[in-house]
Every structure is written in structure tokens, then in C-alpha cells.
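Here are my notes on the model, as numbered points. Please read them with the structure open.

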Amino acid sequence: MTADSELTKVFDMRANANENYPSRLITNINTQTVETFVRFNCQRYAEFGVNLGSTALEIARHLGGKGEIYLFDFQYNVDYVDELLRANGFTNVRKFGSSTKLLDSYNWPLSNLIKDNSEPLFDYCFIDGAHVWNIDALTFFLADRLLAVGGLVDFDDYDWSLGTSPTLAPNIFPRTAEFYTDEQIADQQVKRVVDLLVKTSPRYEVVIENKIYRKIAHDGAGQKTLRPSLWQRLLGR
Ligand SMILES: C[S@@+](CC[C@H](N)C(=O)[O-])C[C@H]1O[C@@H](n2cnc3c(N)ncnc32)[C@H](O)[C@@H]1O
């Protein structure tokens, strides 16, 4: 089978599985992401939005079987990328698929990981999925809970908007106009997440402006608890 006919098969499968998201999406390796992952000697990689696995495969090649790779996307995409990585000899992969229900996303499996783990799981979070505030603002806060201090959070497409997207612009994918207001379609929603939530946080410092930020403290670290402990309350202090 040629690469072209293989891709057509994948696009057809995605079109059948999900009418709420474009099926014909090709994305390249994010080289700044891979270079930064390598430069900071990270081992545990989480990617939110994996598409066909270009960046994930490059990270896997760098890790060479060490560390861990967490894949988040619709089930059909994490299945595809998991298989791709395994076919290339990499088994250090964990996949977290979400359904194609309109309001579902990788935030749901992330909540389960938070429920089941009290220690950080990730050194690097590449947030390259929905690119919209209603999903990725929450993804940032959830990923932060599982990101080690010293770990990195990486946002792709700071300047992107639904309105200028070659796959999601309303004239190409009419559902975008059903799901979002004109203001939201024109807005740069990744920029909104980075500017309002990451840049304003004293717990993150810049590594690459508008893209990669390093976590320097956990939420609440160094702050005095406002609620007195049980012992303080019993002793009337
Ligand atoms: C830009 S592509 C990811 C490219 C990939 N990071 C790479 O480097 O090749 C965006 C991905 O986000 C996924 N995505 C968008 N909305 C989603 C949602 N609500 N739940 C799960 N995945 C979603 C899409 O299926 C798509 O694969």
C-alpha cells in the first residue's frame, strides 16, 4: 500500500468516527519541542493532541525505549500512534483515548490520572490539541497537577485562530460556526491561555517566549495553610 492510500484510509476512518472534528489533518514534527525536550534531559513526555504521531515518534526515537510517553487524543488517533510507535520498536507508551462525544476531551482521562496518582508523572507536557479556551485552559491546570517541578509545558500555535485555520475555518468546516461565536472564531485562543494563565503565574518562567514555560514551584508551595490543622483546632490555637 502506498503512503498516500494508507493516509486516505486513515482519513476515511476518522471521517466515519467523528463528525465534530476535521479528518484530513497532516502535521509535521515540532522541532522546537523535540529540541527542548532533549536539551532539558526530560524523560516523561505527555502530548495532548497527537494526530498522526510525527512529534511523538521523534521523541520516542530520542528516548530509545527509556522514559515514558503518554498519548492523549481521540481513541482512533491514540490507537494509530500507539501502533506506529510499537511498530518502530518502542513499547514505553501509554495511551489515553477520549470519545468523539462533542463535549469530551483529554481532560477526562487526565482527571482519572490525577485521581490515581499523588506524585507527578510528567517532565514535559506538549499541549497541541483542541487549541480552544474551553478545553485547553483546563488542560493547563490539570497538566500542572501532574507536572514535576522543573518540568516544562509547551503550547503550539500561539498565533493560531479558528478563523484562519486551514482545516477549521467556518468556510471549510461549517460546524465551527455552530460551536463557537464570531468573537471566539476570530480570537487567538492559545494566546489567551498562555497570556492569561501561564504568563501571569509566578510558578512558571519563560524558556521560549509564547511557547515553552518551566514550572518552578507546585501550587501552594511555600504558602501557609489558611485552614487550621485538626490539632490546632483541638488545642484552641
Ligand atoms: C495539531 S494536531 C496535533 C499535532 C501533533 N501534536 C504533532 O505534533 O504532530 C491536534 C490534535 O488534537 C486532537 N484534538 C482536538 N480536539 C480534541 C478533543 N476534544 N479531544 C481529544 N483530542 C482532540 C485532534 O484529534 C488532533 O489530532
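1. The model is predicted. In its helix pair H5 and H6, the H5 side of the contact consists of Asn-107, Leu-110, Ser-111, Leu-113 and Ile-114. These meet Ile-135, Leu-138, Thr-139, Leu-142, Ala-143, Arg-145 and Leu-146 of H6. Sorted by class, the contact of H5 with H6 has eight nonpolar residues, three polar and one charged.

2. Next, the geometry of this pair. Two packed helices are described by the angle between their axes and the distance between the axes. Helix H5 covers residues 107-116 and helix H6 residues 133-146; they pack at an angle of about 20°, and their axes lie 10 Å apart. Angles under 35 degrees count as roughly parallel, so H5 is roughly parallel to H6. The crossing of H5 and H6 is left-handed.

3. Two backbone angles deserve a look. Most residues other than glycine have a negative phi. Asn-41 is not a glycine, yet has a positive phi of about 55°. Asn-41 sits in the loop that runs between helix H2 (31-39) and strand S1 (44-48).

4. His-131, also a residue other than glycine, has a positive phi near 65°. His-131 belongs to the loop between strand S4 (122-127) and H6.

5. Are these two residues buried or exposed? Asn-41 has 7 other C-beta atoms within 10 Å, so Asn-41 is exposed. His-131 has 21 other C-beta atoms within 10 Å and is therefore buried. The cut-offs behind these labels are 12 or fewer for exposed and 20 or more for buried.

Terms used: Residues are numbered from 1 along each chain as its sequence is written. This is a predicted model: local features need pLDDT of at least 70, side-chain atom pairs count only at pLDDT 80 or more; totals for chains, interfaces and linings use all residues. Axes are lines fitted to C-alpha atoms, for helices over the stretch in contact, and angles run from 0 to 180 degrees between N-to-C directions. Helices (H or I, at least four residues) and strands (E, at least two) are DSSP runs, numbered from the N terminus. Angles under 35 degrees count as roughly parallel, over 145 as roughly antiparallel, 65 to 115 as roughly perpendicular and the rest as oblique. A crossing is left-handed if the near helix is turned anticlockwise from the far one by less than a right angle, and right-handed if clockwise. Two residues are in contact if their C-beta atoms, placed from the backbone, lie within 7 Å. Ala, Val, Leu, Ile, Met, Phe, Trp, Tyr, Cys and Pro count as nonpolar, Asp, Glu, Lys and Arg as charged, and the others, Gly among them, as polar.
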